[in-house]
Amino acid sequence: MNSTNSIDPRLMKELLQLQLLNKMSLLSGGTSTSSTDDSGDFSALLETVMGQASGSTMTGKDPMASLLGSASVNSIPSSLNALGRAYTPLQTANRASSLSQYDGLIQEASRKYGVDSSLVKAVIQQESEFNHQAVSSAGAKGLMQLMDGTGSGYGVTNPFDPKQNVDAGTHFLSHLIKKYNGNEGVALAAYNAGPGRVDRLGIQNDQDLANKLHLLPKETQAYVSKVLGHKTTFSI
């Protein structure tokens, strides 16, 4: 029997997402060399998984359980640990668990304010990695990292309450998307750097953003591409 027929669909999804994230690394400043290294990591990981799948065919064990439970640490490419996204199937499973916990709130806010749920999830991933108790060095709080002034303006009394935070953050994001006529890139830049800073540079659409991106803080430059990359992943 062909071993690929026994691979758990969940595991195949993990591999596809890893391959996509390798390609998305170019958006956040990756070089052609790192892209080549990442592709090698993916190929090596695939070979490891295929080997695990072959073993599971003979023993009847779940290939996912084999990969996470009995696979040697040395059998997984060590350079994956050096990647900025520090991707592992286990970490993605943890993220999926957090996403499932808040998915109802995200879907409700997305419908209420007309924002793509994948974009809301992408912002939360980048802002807090789905940690509702997160606090930044600047004082931004909760899942969508709201500043106190922004949160209070949208009726937040407890920024660590996931429902209040997601509702207010999505409402704010919706306001920015409408302000910039549906240009999501500009809305994200304003979410991170503040609409005042974006407006002072005369950025009104995504073409303006492309032309003047270098004038924004490096954090904002990376933020826009990373969130859009997360959105693509969540849209799969």
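**Exercise 1: Aromatic pairs**

Three aromatic pairs are found in a search of the whole structure, where rings of Phe, Tyr and Trp (its six-membered ring) pair if their centres lie within 6.5 Å, with planes under 30 degrees apart counted as stacked, over 60 as edge-to-face and the rest as tilted. The model is a predicted one, in which local features need pLDDT of at least 70 and side-chain atom pairs pLDDT 80 or more, while totals for chains, interfaces and linings use all residues. Residues are numbered from 1 along each chain as its sequence is written, and side-chain values use heavy atoms, without hydrogens and water.

*Task.* Describe the geometry and the location of the pair formed by Tyr-154 and Phe-172.

*Solution.* 
Step 1. Tyr-154 and Phe-172 are 5.9 Å apart centre to centre with 50° between the planes, and the pair is tilted.
Step 2. Tyr-154 belongs to the loop between helix 6 (148–153) and helix 7 (162–179), and Phe-172 to helix 7, so that the pair links distant parts of the chain, 18 residues apart. Helices are DSSP runs (H or I, at least four residues), numbered from the N terminus.
Step 3. Tyr-154 is partly exposed at a relative accessible area of 26%, whereas Phe-172 is buried at 12%. Buried means under 20% relative accessible area, exposed over 50% and partly exposed in between, with a 1.4 Å probe and protein chains only.

**Exercise 2: Extending the contact**

*Task.* Which residues form one aromatic cluster?

*Solution.* 
Step 1. Phe-172 also forms a tilted aromatic pair with Tyr-191, at 5.4 Å centre to centre and 35° between the planes.
Step 2. Because Phe-172 lies in helix 7 and Tyr-191 in helix 8, this pair ties together parts 19 residues apart in sequence.
Step 3. Both Phe-172 and Tyr-191 are buried.
Step 4. The cluster consists of Tyr-154, Phe-172 and Tyr-191.

**Exercise 3: A buried serine**

*Task.* Is Ser-110 buried or exposed, and which residues does Ser-110 touch?

*Solution.* 
Step 1. Helix 4 (residues 89–113) contains Ser-110.
Step 2. With a relative accessible area of 6%, Ser-110 is buried.
Step 3. Leaving aside residues up to four places away in sequence, Ser-110 touches Val-115, Asp-116, Ser-117, Val-120 and Thr-170; contact means heavy atoms within 4.5 Å.

Technical notes. Helix = DSSP H or I, 4+ residues; strand = E, 2+ residues; numbered from the N terminus.
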